[in-house]
Amino acid sequence: MNRAQNAPLPAKLTPNLGLKHRNTFGFDANAELAYEITSPEQIPAIISEVKKQKLPWRILGGGSNVILPENLPGATLLMNILRQEVLSTDENATLLAVGAGVNWHELVAWTLENDLPGLENLALIPGTVGASPIQNIGAYGVEVADYIESIEAFDVKEHAFVTITKEACQFAYRDSFFKQHPNRFIVTKVVFKIPKAWEPRIHYADLAKQFPEHSNPSPEDIFLAVCKIRTHKLPDPKVIGNAGSFFQNPIIPNEQYETLLKAHAALVSYPDMPGKRKLAAGWLIDQCGFKGQRMGSVGVYENQALVLVNHGGGSAQDILGLAKCIQDKVRAEFGVSLTIEPNIL
Ligand code: EPU
């Protein structure tokens with residue numbers, strides 16, 4: 001076969017694609033030019049065109065951590081790179097390369113079926129593998145950064161494919177180098193390093209409660225327990241539109257925490273980096289009386305105040321209006337600012 005025959009087909013282009021079923025809030029949104037990316041090689045040509053025509057552009061993965069406006073002008077790249085392969089395995093660890101479009105939960109399930117435990121605490125987090133490092137997804141004491149070896153991406157500024165080491169990713173709580181440099185990198189592949197040594201991590205109160213004391217749960221037990229908790233606490237986007245946690249848990253200086261604790265003895269918080277304390281935003285919002293409240297088509301979920309929902313027919317504007325009310329009340333009540341977690345496109 002010659003080179004031309006080996007080259008992938010250009011990305012499929014659909015003008016005016018409706019994205020209602022491609023964002024978990026279920027907002028009506030129209031992508032002017034939607035490109036389905038099935039191979040990294042398709043990206044440079046699209047980006048060249050976008051640069052030439054000075055078009056706005058963005059990437060959409062699973063649509064589970066975004067707030068979409070009604071109209072998305074320019075190019076929307078629908079990430080659908082699905083290749084997955086074991087790169088190497090030895091007595092210490094397995095290196096696994098996974099395409100950015102692979103569904104996150106399916107990857108977690110696959111690793112367990114293939115005797116590569118480690119990701120089980122991150123079961124049932126919606127979204128794609130390519131989105132996982134951007135906000136460094138985390139749950140029940142584990143973050144995806146713990147398992148990342150490197151990332152392959154297209155660097156839009158340099159117009160070249162790059163490999164970014166874990167150290168260069170600057171991972172932090174719900175944060176990374178990619179999040180700090182929006183629209184610069186298009187993640188195409190994540191290389192995971194899954195160590196052979198495994199230990200259960202069930203220290204998070206919610207998870208610990210699922211197991212009798214001194215029990216020794218298997219990775220599968222933990223996977224099922226996490227699925228059970230999440231199914232109960234977080235609404236199923238197929239039934240009620242949402243994007244998981246809507247706000248980050250705020251991290252505040254210890255002195256501010258001590259003052260708050262004096263006024264609110266029941267304040268829920270966790271230790272964080274030295275000199276800081278992480279507060280449970282869900283608790284703060286709950287205390288302000290928002291849990292289960294509605295504002296037109298949108299509202300606050302009845303079982304978890306950190307989750308905002310679209311009851312049907314809501315829009316980005318509606319959800320941001322509700323978010324502003326919550327932020328104002330929490331600031332007035334506790335003097336704490338809440339940062340929105342999903343990306344506003
Ligand atoms: N709480 C309330 N009322 C509420 C909700 C929470 O009082 O309505 C209090 C409870 O005391 C609870 C505490 O707040 O124990 C913390 O709540 P929870 O354990 O549900 O965790 P979270 O802080 O709300 C974070 C992540 C979740 C992750 C869970 C489990 C963030 C922003 N969210 O939620 O991640 O699944 O911990 O580790 O860090 C996501 O990012 O979309 C997400 C779901």
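Predicted model: local features only at pLDDT ≥ 70, side-chain atom pairs only at ≥ 80, totals over all residues.
Residues are numbered from 1 along each chain as its sequence is written, and side-chain values use heavy atoms, with hydrogens and water left out.

**Layout**

**Contact and buried area**
- In contact (heavy atoms within 4.5 Å) are 15 residues of domain 1 and 16 residues of domain 2.
- The two domains bury about 1200 Å² between them, 70% of it on carbon and sulfur atoms.
- Buried area is the accessible area (1.4 Å probe) that two parts lose on being put together, summed over both.
- On the domain 1 side, Lys51, Trp57 and Met79 lose the most area to domain 2, together 38% of what that side buries.

**Bonds across the interface**
- The rule finds zero salt bridges here (a side-chain nitrogen of Lys or Arg within 4 Å of a carboxyl oxygen of Asp or Glu).
- It finds six residue pairs in polar contact, both at pLDDT 80 or more (N or O atoms within 3.5 Å; within protein, one must be able to donate a hydrogen and the other to accept it, and residues adjacent in sequence count only if both atoms are side-chain atoms).

**The domain 1 side**
- Helix H2 (43–52), strand E3 (57–60) and strand E5 (71–79) each supply at least two residues that touch domain 2.
- Helices (H or I, at least four residues) and strands (E, at least two) are DSSP runs, numbered from the N terminus.
- H2 gives the largest share, five residues.
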